[in-house]
Amino acid sequence: MYPFDYDDIQLLPKKCVVNSRSEVDTTVKLGNRTFKLPVVPANMQSVIDEELAVFLAERDYFYVMHRFDPETRLDFVRKMQEKNLFASISLGIKESEYKLVDQLANHNLTPEYITIDIAHGHSDSVVKMIKYIKEKLAKSFVIAGNVATPEGVRDLEAAGADATKVGVGPGKACITKLKTGFGTAYWQLSAIKWCAEVATKPIIADGGIRHNGDLAKSIKFGATMIMVGSLFAGHEQSPGQVIKIDGKLYKQYWGSASDTQKGKYENVEGKQMLIDYRGDIKRTLKEIQQDLQSAVSYAGGNELSSLKDVDYVILNHGIVQN
Ligand SMILES: NC(=O)C1=CN([C@@H]2O[C@H](COP(=O)(O)OP(=O)(O)OC[C@H]3O[C@@H](n4cnc5c(N)ncnc54)[C@H](OP(=O)(O)O)[C@@H]3O)[C@@H](O)[C@H]2O)C=CC1
Ligand SMILES: Nc1nc2c(ncn2[C@@H]2O[C@H](COP(=O)(O)O)[C@@H](O)[C@H]2O)c(=O)[nH]1
């Protein structure tokens, strides 16, 4: 079958079984918790900060704090848990990250979620870190990535990951595809399908979401949760600066591997750009919920899992039945 991306397919409606879209349940379980939406803002410094993390956790949305203020993470976990909120942090794989795991364990602080956030996550260094976290912080739910292939999913699951994150290169601020020639850009949806076929644990689709309908498509092809960067970066609550050009408002969005993030031009695989200002994130979260509820009604169900059972059309290539 030809590889395809979000714009290459349309889902086929089934007979509706709800009387109102408001009857549709958009909640999703990840680990021991249930969240209002299957969507999480990207763990990028231009997308999330502590204030937004608290805002999301208080309202039962999933969040993953970024790892680019490394020395604040221990305190962040403590502060969240003191407020009876869940703690969800990111780690890299350098030596200092092992020290943080040790410190968390020594302070009896177990983050509910830990995301290992590496560009090329199908690697021995990530396998080693998964095993270390599982040894020291056994109760943390470990999300590992990013990977692009079923082999990547299998290897990280075998190492102990509780979920894997799929997507190398489809991000809006990404230039990995241009600088290395590798990745899932332009066929991210097929990559999700391919990886989900072997996964025994949740898949988090990461990157390439441009419209709310892409969320429904991600779930159809096997994602449990979807990580979104650029679509979340333009809000009042987003960390980037507001910039006014010719009377129009924008926010800054930069890649985690951009020179903006790194402060130098070394191994750069990301860029900075301006994103349209979108106002209050509450409005966007509500719109996502309504659009997902509508999508599920088109799928002929009343919960997200019914999206998995629909047929779809690959534009120009015909109908594919389940
Ligand atoms: N999802 C995606 O498509 C991508 C995401 N990103 C994001 O950018 C940020 C920076 O990522 P990353 O560069 O991994 O993190 P870091 O720059 O923190 O690198 C982490 C470690 O991994 C090593 N490393 C990085 N890339 C490779 C590679 N291709 N092969 C072998 N070792 C490697 C680095 O060493 P050294 O620098 O010496 O090689 C370093 O020791 C992350 O937040 C990541 O999610 C970046 C690119 C693609
Ligand atoms: N290749 C790169 N990918 C990056 C970088 N910074 C973040 N990312 C990935 O993009 C998604 C968000 O994608 P979007 O399409 O929703 O904007 C994010 O979660 C990372 O996986 C980078 O510098 N280079």
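What follows is a short exchange about a predicted model of a protein chain with its ligands.

Trainee: How do you know how confident the predictor is in this chain?

Mentor: Look at the pLDDT, which is given for each residue from 0 to 100. The chain averages 97, and 98% of the residues score at least 70. For the complex, the predictor gives an ipTM of 0.94 and a pTM of 0.97.

Trainee: Let's start with ligand 1. Which residues come nearest to ligand 1?

Mentor: Arg-67, Asp-117, Ala-119, Gly-167 and Gly-169, out of 17 residues around ligand 1. The shell divides into six nonpolar, seven polar and four charged residues.

Trainee: How much of ligand 1 does the protein cover?

Mentor: On its own, ligand 1 has 860 Å² of accessible area, and the protein covers 61% of that.

Trainee: Why is the pair Arg-67 and Asp-117 called a salt bridge?

Mentor: The rule asks for a side-chain nitrogen of Lys or Arg within 4 Å of a carboxyl oxygen of Asp or Glu. Here the N to O distance is 3.4 Å, so the pair passes. Side chains of opposite charge can pair when their charged atoms come close.

Trainee: What does the pair of Arg-67 and Asp-117 tie together?

Mentor: Arg-67 lies in the loop between helix H1 and helix H2, and Asp-117 lies in strand E6, so the pair ties together parts that are 50 residues apart in sequence.

Trainee: Why is Asp-117 called buried, and Arg-67 partly exposed?

Mentor: Buried means under 20% relative accessible area, and exposed means over 50%. Asp-117 has 14%, so Asp-117 is buried. Arg-67 has 23%, so Arg-67 falls in between.

Trainee: Try me on another pair. What makes Lys-134 and Asp-162 a salt bridge?

Mentor: Their closest N and O atoms are 2.6 Å apart. The limit is 4 Å, so the pair counts. Lys-134 lies in helix H4 and Asp-162 in the loop between helix H5 and strand E8, so the pair ties together parts 28 residues apart in sequence. Lys-134 is partly exposed at 23%. Asp-162 is buried at 18%.

Trainee: How many salt bridges does the rule give?

Mentor: The count comes to eleven. One of them joins Asp-206 and Lys-165, with closest N and O atoms 2.9 Å apart. Asp-206 is in strand E9 and Lys-165 in strand E8, 41 residues apart. Both Asp-206 and Lys-165 are buried.

Trainee: Now ligand 2. Which residues come nearest to ligand 2?

Mentor: Asp-206 again, along with Thr-176, Tyr-253, Ala-257 and Glu-269, out of 22 residues around ligand 2. The shell has seven nonpolar, eleven polar and four charged residues.

Trainee: How do you know that Thr-176 makes a polar contact with ligand 2?

Mentor: A polar side-chain atom of Thr-176 lies 2.7 Å from a nitrogen atom of ligand 2. The limit is 3.5 Å, so the pair qualifies. Arg-210 has a polar side-chain atom 2.8 Å from an oxygen atom of the ligand. Glu-269 has a polar backbone atom 2.7 Å from a nitrogen atom of the ligand.

Trainee: How much of ligand 2 does the protein bury?

Mentor: Taken alone, ligand 2 exposes 520 Å², and the protein buries 90% of that.

Definitions and conventions:
Residues numbered from 1 in each chain as written. Chains lettered and ligands numbered in written order. Predicted model: local features only at pLDDT ≥ 70, side-chain atom pairs only at ≥ 80, totals over all residues. Heavy atoms only, no water. Near = heavy atom within 4 Å. Polar contact = N/O pair within 3.5 Å; in protein donor to acceptor, adjacent residues only side chain to side chain. Areas by Shrake-Rupley, 256 points an atom, 1.4 Å probe, with all protein chains shown as cover. Nonpolar A, V, L, I, M, F, W, Y, C, P; charged D, E, K, R; others polar. Helix = DSSP H or I, 4+ residues; strand = E, 2+ residues; numbered from the N terminus. Buried < 20%, exposed > 50% of the residue type's maximum accessible area, 1.4 Å probe, protein only.
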